[in-house]
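Please follow this walk through the fold, from the sheet to the core and then to the helices and rings. The account goes element by element.

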Amino acid sequence: MTALEAEQQRLMLRQFTYEDAWELGMLLRALAVERNAPVVIDVRHGARTVFRCALPGSSADNDAWIDRKRRVAERYGAPSFLVGARFRAKGTTFEEGSRLDPDSYAAHGGSYPVTVEGVGVVGTATVSGLPQAQDHALVARALAELLAGTRPRRDGS
């Protein structure tokens, strides 16, 4: 769990504009396509959906998982994977310990709150379609690439 908390601190951004949200979505899509990952991707700036994409092999169930995992990241201000791990560390499950409706909330890996230094949570990035640890890792990788600027921007800059 400590590694997940350290990762969240490390992936704090300096800014998150609509253009950054779009770029994060494109990074997630490129990473998923490289892996032939059958996922749905959702990136939000505040409450607004800036990027949404369904890749081959994903299903409508993934759309529902996106919403459930995103609500956890928004409510707890932490990655949905970390929230689930925190409940398990207390010897319970998220479903039992949170008392939240499991049809609306899921503490499974894949949703990451987008956090800006000195501001707080300003959006979310969510992936659904792989095992939860892989969904989480995909979003963390894309955030790290966005933070580092390691991939060329799609607008040519």
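The model is a predicted one. Within it, Asn 36 has a positive phi of about 55° although it is not a glycine. Its relative accessible area is 69%, so Asn 36 is exposed. A second residue other than glycine with a positive phi is Arg 99, where the angle is near 65°. Arg 99 belongs to the loop between helix 5 and strand 3, and its relative accessibility of 78% makes it exposed.

The sheet comes next. Strands of a sheet pair through backbone hydrogen bonds, in either a parallel or an antiparallel sense. Here four strands form an open sheet in the order 2-1-4-3, and the pairing is antiparallel. Strand 2 and strand 3 are the edge strands, each pairing on one side only. From one strand to the next the twist averages 15°.

Strand 3 and strand 4 are joined by six bridges in the antiparallel sense. Across this pairing, Ser 111 stands opposite Thr 126 of strand 4, and Val 114 has Gly 123 of strand 4 as its bridge partner. The hairpin made by strand 3 and strand 4 has three residues between the strands, and in it Gly 118 takes a positive phi near 75°.

How many of the six residues of strand 3 are buried? Six of the six are, so strand 3 is largely enclosed by the rest of the structure. Both of its faces are covered: Ser 111, Pro 113 and Thr 115 are buried on one side, and Tyr 112, Val 114 and Val 116 on the other. Strand 3 is thus an edge strand, pairing on one side only, with both faces covered.

In soluble globular proteins, nonpolar side chains tend to be buried together. The largest nonpolar core in this model has 28 residues, and those with the most contacts inside it are Phe 16, Leu 24, Leu 28, Ile 41, Val 43, Val 114 and Leu 143. Two or more residues of this core come from each of helix 2 (18–34), strand 1 (40–45), strand 2 (48–54), strand 3 (111–116), strand 4 (120–128) and helix 6 (132–148).

Neighbours within four places in sequence aside, Ile 41 is in contact with Leu 28, Arg 29, Ala 32, Phe 51, Arg 52, Cys 53, Ile 66, Thr 126 and Val 127.

Attention now turns to helix 4. Seven of the ten residues of helix 4 (residues 80–89) are buried, so the helix is largely enclosed by the rest of the structure. The buried residues are Ser 80, Phe 81, Leu 82, Val 83, Gly 84, Ala 85 and Phe 87. Their cover includes helix 1 (2–10), helix 3 (60–76), helix 5 (94–98), strand 3 and helix 6. After helix 4 comes Gly 91, with a positive phi near 80°.

The last topic is the aromatic rings. Four aromatic pairs are found in a search of the whole structure. For Trp 22 and Phe 51, the ring centres are 5.0 Å apart and the planes lie at 70°, so this pair is edge-to-face. The pair links distant parts of the chain, with Trp 22 in helix 2 and Phe 51 in strand 2, 29 residues apart. Trp 22 is partly exposed, at 43% relative accessibility, whereas Phe 51 is buried, with a relative accessible area of 4%.

Tyr 76 and Phe 94 also form an edge-to-face pair, 6.0 Å centre to centre and with 70° between the planes. Tyr 76 is in helix 3 and Phe 94 in helix 5, 18 residues apart. Tyr 76 is partly exposed, its relative accessible area being 32%, and Phe 94 is buried at 4% relative accessibility. Ring pairs link Tyr 76, Phe 87 and Phe 94 into a cluster.

Charged side chains also meet rings. The charged end of Lys 90 sits over the ring of Phe 87, 5.3 Å from its centre. Arg 68 lies over the face of Trp 65, at 4.3 Å from the ring centre.

Conventions
Residues are numbered from 1 along each chain as its sequence is written. Side-chain values use heavy atoms; hydrogens and water are left out. A nonpolar core is a set of buried Ala, Val, Leu, Ile, Met, Phe, Trp, Tyr and Cys residues joined through side-chain atoms within 4.5 Å. Buried means under 20% relative accessible area, exposed over 50%, partly exposed in between (1.4 Å probe, protein chains only). Contact means heavy atoms within 4.5 Å. Two strands pair if DSSP finds at least two bridges between them. Axes are lines fitted to C-alpha atoms, for helices over the stretch in contact, and angles run from 0 to 180 degrees between N-to-C directions. Rings of Phe, Tyr and Trp (its six-membered ring) pair if their centres lie within 6.5 Å; planes under 30 degrees apart count as stacked, over 60 as edge-to-face and the rest as tilted. A charge sits over a ring if NZ of Lys or CZ of Arg is within 6 Å of the ring centre and within 35 degrees of the ring normal.
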